[in-house]
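Welcome! Have a look at the chain shown here, and then let us walk through a few of its features together.

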Amino acid sequence: MKPNFSNLNALYINCTLKASPRMSHTEALMNVSMDIMKAENVSVEYLRFVDHEVAYGVYHDMTEHGAEKDMWPKLWEKVQAADILVIGTPIWLGEKSSVATKLIERLYGESGKRNNKGQYYFYGKVGGCIITGNEDGIKHVAMGTLYALQHIGYSIPPQADCGWIGEAGPGPSYNDPESKAKDNDFTNRNTTFMTYNLLHLAQLLHNNEGYPAYGNSRSDWDDGTRWNFDNPEYR
């Protein structure tokens, strides 16, 4: 039976260094995944992080800590509304972009919040990443990005990353016609599998109202609940 994903919301954040409306190779690959989600009637929102004046820091509103301007509180509303967060980033010197690092730092700053079960806030939300570049580095960048997302509470499904890279050295990037990247079966397969795996896990969590709070509620732990941690039978 064909699943119904129409109750899900996805947020794609492109961490390109290029401000709009400059062409972004990362956006071009993100569009492949977004188009699949839109065809599945998922509510999809896209933004370029660099288009928004977000301050450096790990507090919710950095204007309360010396910054002149901080648009993060408005973007945070979009993060809160999303069942699925997909971070897109180019590869620079073998690493994710500095913009992606800033985004992860701001997400980390919110990770101590609690949901209505007393769990850390991102429990029940799903994360993935899309990566583009000219040389090797997709797995390395995905490893760091997905680790950061799961560490702060996002759930990561199987095959939660996809990407495209060209041959070593200067050459065409994903959206350049001469790269023929849009006909690359490996990238198209992985992008499709990633997209549906994100949807399936998000739907499972949505249907079950996230994770049970037994054994992982920070609020319960702070109130003295220890479940089987302090069971004398196993000590």
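A polar contact is a pair of N or O atoms within 3.5 Å; within protein, one of the two must be able to donate a hydrogen and the other to accept it. Keep that in mind for Lys102, whose side chain reaches the backbone oxygen of Val54 at 2.7 Å. Please remember as you read that this is a predicted model.

**A buried lysine**

- Lys102 belongs to helix H3.
- Leaving aside neighbours within four places in sequence, Lys102 is in contact with Phe49, Val54, Ala55 and Tyr56.

**One side of helix H2**

- Helix H2 runs over residues 72–81, and Trp72, Leu75, Trp76 and Val79 are buried in it.
- These residues are on the same side of H2, because they cover an arc of only 110° around the axis.
- What do the buried residues of H2 pack against? Their partners are strand E1 (9–14), strand E2 (43–48) and helix H3 (98–110).

**The nonpolar cores**

- The largest nonpolar core has 32 residues, and Phe49, Trp72 and Leu107 touch the most other members.
- Two or more residues of this core come from each of E1, H2, strand E3 (84–92), H3, strand E5 (126–133) and helix H4 (138–151).
- Helix H4 gives the most to this core, with 6 residues.
- Another core lies apart from it and holds 24 residues, including Ala28, Val42, Val126 and Ala202.
- Not counting residues up to four places away in sequence, Leu107 touches Trp72, Val79, Leu85, Ile87, Phe122, Leu149, Ile152 and Tyr154.

**Salt bridges**

- How many salt bridges does a search of the whole structure find? The search gives 9.
- One of them joins the side chains of Arg48 and Glu27, at 2.8 Å from N to O. This pair links distant parts of the chain, with Arg48 in strand E2 and Glu27 in helix H1 (residues 25–39), 21 residues apart.
- Are these two partners buried or exposed? Arg48 is buried, with a relative accessible area of 5%, while Glu27 counts as partly exposed at 21% relative accessibility.
- Asp70 and Arg106 also meet through their side chains in a salt bridge, at 2.9 Å from N to O. Asp70 lies in the loop between E2 and H2 and Arg106 in helix H3, so the pair ties together parts that are 36 residues apart in sequence.
- Asp70 is buried, with a relative accessible area of 10%, and Arg106 also counts as buried, at 1% relative accessibility.
- Glu77 forms a salt bridge with Lys74, and their closest N and O atoms are 3.6 Å apart. Both residues lie in helix H2, 3 residues apart, which is about one turn of the helix.
- Glu77 is partly exposed, with a relative accessible area of 45%, whereas Lys74 counts as exposed at 54% relative accessibility.
- Salt bridges that share partners also join Arg114, Arg218 and Asp222 into one network.

**A serine in strand E2**

- Ser43 is found in strand E2 and counts as partly exposed, at 40% relative accessibility.
- Ser43 touches Leu8, Asn9 and Ala10, not counting residues up to four places away in sequence.
- With Asn9 there is a polar contact between side chains, at 3.3 Å.
- The C-alpha atoms of Ser43 and Asp136 are separated by 33 Å, and these residues are 93 apart along the chain.

**Backbone details to look for**

- Where is there a cis peptide bond? Such a bond joins Ser20 and Pro21, with omega about 5°, and Pro21 has its place in the loop between E1 and H1.
- Lys180 is a residue other than glycine with a positive phi, near 55°. Its place is in the loop between strand E6 (161–165) and helix H5 (185–207), and Lys180 is exposed, with a relative accessible area of 60%.
- Trp227 has a positive phi of about 50° although it is not a glycine, and Trp227 is found in the segment after helix H6 (218–222).

Technical notes:
Residues numbered from 1 in each chain as written. Predicted model: local features only at pLDDT ≥ 70, side-chain atom pairs only at ≥ 80, totals over all residues. Heavy atoms only, no water. Buried < 20%, exposed > 50% of the residue type's maximum accessible area, 1.4 Å probe, protein only. Helix = DSSP H or I, 4+ residues; strand = E, 2+ residues; numbered from the N terminus. Arc of directions from axis to C-beta. Contact = heavy atoms within 4.5 Å. Core = buried A, V, L, I, M, F, W, Y, C linked by side-chain atoms within 4.5 Å. Salt bridge = Lys/Arg side-chain N within 4 Å of Asp/Glu carboxyl O.
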